[in-house]
Amino acid sequence: LRNEMGESKRFLDEKFNIRVNTYAYPGGFHTDEMFPLAKELGYTQLFTVIPGKIRRSSNDLLLPRYIVMGTHDSVFDMGVSFNETALKPTKPGEVNVAPARQTTPYPVSPEPGAVVDTRVPLVTADLSTVTDMEPKSLVMRISGFGEVPAFFDPDKKTLTWKINRPLRSASCQVAITWRDAKGKAPELPLRWTFNIDTEAAYTPQE
């Protein structure tokens, strides 16, 4: 951690004669030991991949941000609107579920906004109603993991991946992208967040 968070900052500071004070957790994945180290190294704002807006009450160690994929207008609109639709971190390791209800254009599991009692859930998307899709273009990304080797069932048209490392954060964001035969991405992005009941999901093995 000291090498990745510290040496990269030192290089950028010296190379460009600036003072880097922001940091984006790789894939949104973070652990408790990163917080005091970040302060020691001079970071003042650290960013997750939990969708939401930064407000005066936001925790500087767990700032939300929108991931804009492609040219989807709906994602941009969420990023520049002022509605309370975010998951708002309160302190390291805690996430409050937003009052707004998430929706997805296709059935997914765990459902948007759901609270699961396992740290290694099975993530699934039912794409059977997608009319034009190149299966080879399918990509699933999960916060903390990046792109994952999800399995596509051509008969059921479902994309699934079993999370293979216990989730440590209280929320998890999933994004699935694909293209049609002409190479065009869908107008509506398939992205959602579910939450983990960390106390119920805890076992000594994890």
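Among contacts in the protein between residues at least 6 apart in sequence, what percentage join residues at least 24 apart? The share is 58%, where a contact means heavy atoms within 4.5 Å. The model is predicted, so local features are given only at pLDDT of at least 70 and side-chain atom pairs only at pLDDT 80 or more, while totals for chains, interfaces and linings use all residues. Residues are numbered from 1 along each chain as its sequence is written, and side-chain values use heavy atoms, with hydrogens and water left out.

The protein has 206 residues, and 40% of them are buried. Buried means under 20% relative accessible area, exposed means over 50%, and partly exposed lies in between, with a 1.4 Å probe and protein chains only. The secondary structure comes to four helices and 13 strands. Helices (H or I, at least four residues) and strands (E, at least two) are DSSP runs numbered from the N terminus.

Strands of a sheet pair through backbone hydrogen bonds, in either a parallel or an antiparallel sense. Here two strands are taken as paired if DSSP finds at least two bridges between them. Two bridges join β5 to β7 in the antiparallel sense, and V108 has A125 in β7 as its bridge partner. On to β11: β7 (residues 122-126) pairs with that strand over five bridges, again antiparallel. V123 is bridged to W161 in β11, and T124 stands opposite T160 in β11.

Another open sheet has five strands with mixed pairing, in the order β6-β13-β12-β8-β9. β6 (115-116) and β9 (146-148) stand at its edges with a single partner strand each, so one side of each has no neighbour in the sheet. Strand β8 (residues 139-142) runs antiparallel to β9, and three bridges join them. R141 has E147 in β9 as its bridge partner.

The loop between β11 (158-162) and β12 (171-177) contains A170. Is A170 buried or exposed? A170 counts as buried because its relative accessibility is 11%. The C-alpha atom of A170 lies 5.0 Å from that of I196, although the two residues are 26 apart along the chain.

Searching the whole structure finds two cavities of 30 Å³ or more. On a 1 Å grid over the protein atoms alone, a cavity is a set of points where a 1.4 Å probe fits but cannot get out, and lining residues have an atom within 4 Å of a point. Points are joined across faces, edges and corners, and a volume is the space filled by probe spheres set on them. The largest cavity has a volume of about 150 Å³. Its lining has 18 residues, with G28, S143, S169, S171 and C172 nearest the centre. β12 supplies the largest share of this lining, three residues. By class, the lining has seven nonpolar, nine polar and two charged residues. Ala, Val, Leu, Ile, Met, Phe, Trp, Tyr, Cys and Pro count as nonpolar, Asp, Glu, Lys and Arg as charged, and the others, Gly among them, as polar.

Note on methods:
On a 1 Å grid over the protein atoms alone, a cavity is a set of points where a 1.4 Å probe fits but cannot get out, and a pocket is an open set with protein on both sides within 12 Å along at least five of seven lines; lining residues have an atom within 4 Å of a point.
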